[in-house]
Amino acid sequence: TVVVTAQDGSTTKTYTVKVLRAKSSNALLSGFALSAGTLAPAFGGTTTSYTSSMANSVASVKVTPTTGHAGATIKVGNVGVTSGEESGDIELTEGGQTTISVVVTAQDETTTKTYQLVVSRAASADATLSGLATTGTLGSTFSVSSLSYTMSVANGVTSVGFTPASASSVATITANGASVSSGTAWSLTTTEGATATATFVVLAQDGVTTKTYTVAVTRAASSVSTLGGLVTSAGVLSPSFVAGTLSYSLAIANGVASVRFTPTSTHGSAALTVDAVAVPSGQASGLLAVAEGATRTVPVVVTAQDGETKTTYNVAVTRASSTNALLGSLSASGGSLSPVFNANTVAYTMAVANSVSSTTVGISTAHGGAACTVDGTTVASGQSADEMALVAGVEKTVTVVVTAQDGSTTKTYTV
C-alpha cells in the first residue's frame with residue numbers, strides 16, 4: 001500500500017500493489033521408512049521405485065512417508081496419511097508380492113509424484129496339520145507334533161472317514177497320493193483282518209517343506225465260521241445242507257468204497273479241514289474210505305479268519321453191507337464133489353467108498369463179512385464143520401447156508 005499526501009497536508013491518494021507468489025510444485029518425498037525390512041535401493045527423493053523382502057512371519061507392514069514440502073499431501077493406497085506419520089497396517093500376500101503406492105500431491109494441487117514399493121513376503125514353511133477328524137477313534141489324541149497313529153475298527157467297518165485340516169491355508173494335502181482340500185472328508189477302505197494305512201502328506205507353500213502323518217487302521221478279522229455249501233461225490237446228504245445244521249447222514253451203496261467232500265466256506269478267508277486235512281474252499285477233499293457195512297463220521301471244521309471261532313459239521317457216512325452170499329470154496333473129505341466146485345453151482349453129489357465112514361465139510365465164504373452154517377451149525381470161513389458119520393448105502397444130504405453181510409441175503413448149497 002502506497003499513500004501520497006499533498007503539500008497542504010490533508011489531501012491524500014492511496015495506491016495498492018497485490019503480489020501473488022505461486023504455490024510450491026514440490027511433490028517429492030524427503031523420507032520413506034518401513035516398520036519392517038529395508039528399502040532397495042536406499043531411499044532417495046527422486047527415486048520412485050523400491051522393493052523390500054519380508055520374512056513369512058511379517059504379515060503386514062506400515063510405511064512412514066515424509067514430504068519435501070510442508071504444503072504437500074500424501075495418500076498411501078488412496079488413504080490420506082500425515083507427513084511423517086505411519087500409515088495403517090498394509091496386509092502382505094503370503095508367498096507373493098504386494099504393491100504399495102504412495103502418491104504425493106504438491107501444494108499447487110496439480111503436481112504429483114507416485115512412489116511404488118513392491119514387498120515380497122516369503123512363502124510359508126508351515127507343513128503341519130491343525131486337526132485330523134475321523135469317523136473312527138485314534139489310538140491317541142491328535143497332536144500337531146505327533147505324526148504316527150493307530151486305529152482299531154470292528155470287522156463290519158469297511159471304510160473310515162478322515163478330515164485333515166492344514167494349519168496354513170496355503171499348504172496342500174494329499175491322502176494316499178490323492179489331492180484333498182483342507183477341511184474336506186476323505187475315505188480309507190479297510191482290509192478285513194489286516195492293516196490299511198492312511199498317509200497324509202502336507203506340503204508347505206514354499207514347495208519344499210513337508211510333513212507326513214500316518215494312521216494305521218486295523219480291521220478285526222472275520223468271525224464267520226460257517227459253510228456256504230457241502231457237496232458229496234456219492235449219495236445225498238440228509239437232511240439237505242443248511243449252514244445252521246451241523247449233523248448229517250450220508251448213505252452210500254456197497255459198491256462205493258470211498259467218498260469225497262467239497263466244502264465251500266461262507267467267508268472266503270475261513271480255513272477248512274475235512275477229516276483233519278486242509279482243503280481249499282470249493283475244492284474236493286481226498287478220498288475217504290468207508291468199510292463195508294460200517295459208518296464213518298467225517299468232521300468238516302471251519303476256522304474263521306480270526307483263527308479262534310470254529311464250527312464243526314459232522315457227516316456220518318454209512319456204506320451199505322455186502323449182499324454177497326457166495327461160497328469161495330467147498331470141500332468134503334473122503335471123495336470128490338461133482339461137479340467141480342463153482343460158487344454159482346449150489347447142488348453137488350459125492351460118492352465115497354464103503355470104507356469111508358465119515359466126512360468133514362470145509363468152507364470159505366467169498367466175502368469176509370458173510371456168515372455160514374453147515375447143517376445148522378455155525379462154521380467160520382476157512383474152517384471145517386465137525387466130522388459127520390456116514391451110513392453104508394444111505395445117502396446123507398449136507399446143507400450149507402451162507403448169509404451175506406447185510407443179514408438178509410442168503411444162498412444154500414447142498415452136498
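Tutor: Asp-275 is partly exposed, with a relative accessible area of 24% (under 20% is buried, over 50% exposed, in between partly exposed; 1.4 Å probe, protein chains only). The model is predicted, so to speak of local features takes pLDDT of at least 70 and of side-chain atom pairs 80 or more, while totals for chains, interfaces and linings use all residues. Numbering starts from 1 along each chain as its sequence is written, and side-chain values use heavy atoms, without hydrogens or water.

Now for the partner of Asp-275. Arg-296 is partly exposed as well, at 26% relative accessibility. Asp-275 and Arg-296 form a salt bridge whose closest N and O atoms are 2.6 Å apart (a side-chain nitrogen of Lys or Arg within 4 Å of a carboxyl oxygen of Asp or Glu). Asp-275 sits in the loop between β25 (271-274) and β26 (277-278), and Arg-296 belongs to strand β28 (residues 295-303), so the bridge ties together parts that are 21 residues apart in sequence (strands are DSSP E runs of at least two residues, helices H or I runs of at least four, numbered from the N terminus).

Arg-121 is buried, with a relative accessible area of 12%, whereas Glu-94 is partly exposed at 22%.

Another salt bridge runs from Glu-192 to Arg-219, where the closest N and O atoms are 4.0 Å apart. Glu-192 lies in the loop between β17 (186-189) and β18 (195-203) and Arg-219 in strand β19 (residues 210-219), and this pair too links distant parts of the chain, 27 residues apart. Glu-192 is partly exposed, with a relative accessible area of 23%, while Arg-219 is buried at 11% relative accessibility.

Let us move on to the rings. A search of the whole structure finds 13 aromatic pairs. In one of these, Phe-43 and Tyr-115 have ring centres 6.4 Å apart and planes at 40 degrees, so the pair is tilted (Phe, Tyr and six-membered Trp rings pair with centres within 6.5 Å; planes under 30 degrees apart are stacked, over 60 edge-to-face, the rest tilted). Phe-43 comes from the loop between β3 (29-34) and β4 (49-54), and Tyr-115 from strand β11 (residues 112-121), so the pair ties together parts that are 72 residues apart in sequence. Tyr-115 is buried, with a relative accessible area of 0%, while Phe-43 is partly exposed at 24%. For a stacked example, turn to Phe-341 and Tyr-348, which are 6.0 Å centre to centre with 25 degrees between the planes. Phe-341 is partly exposed, with a relative accessible area of 21%, and Tyr-348 is buried at 4%.

Phe-43 and Tyr-115 also belong to one aromatic cluster together with Phe-32 and Tyr-50.
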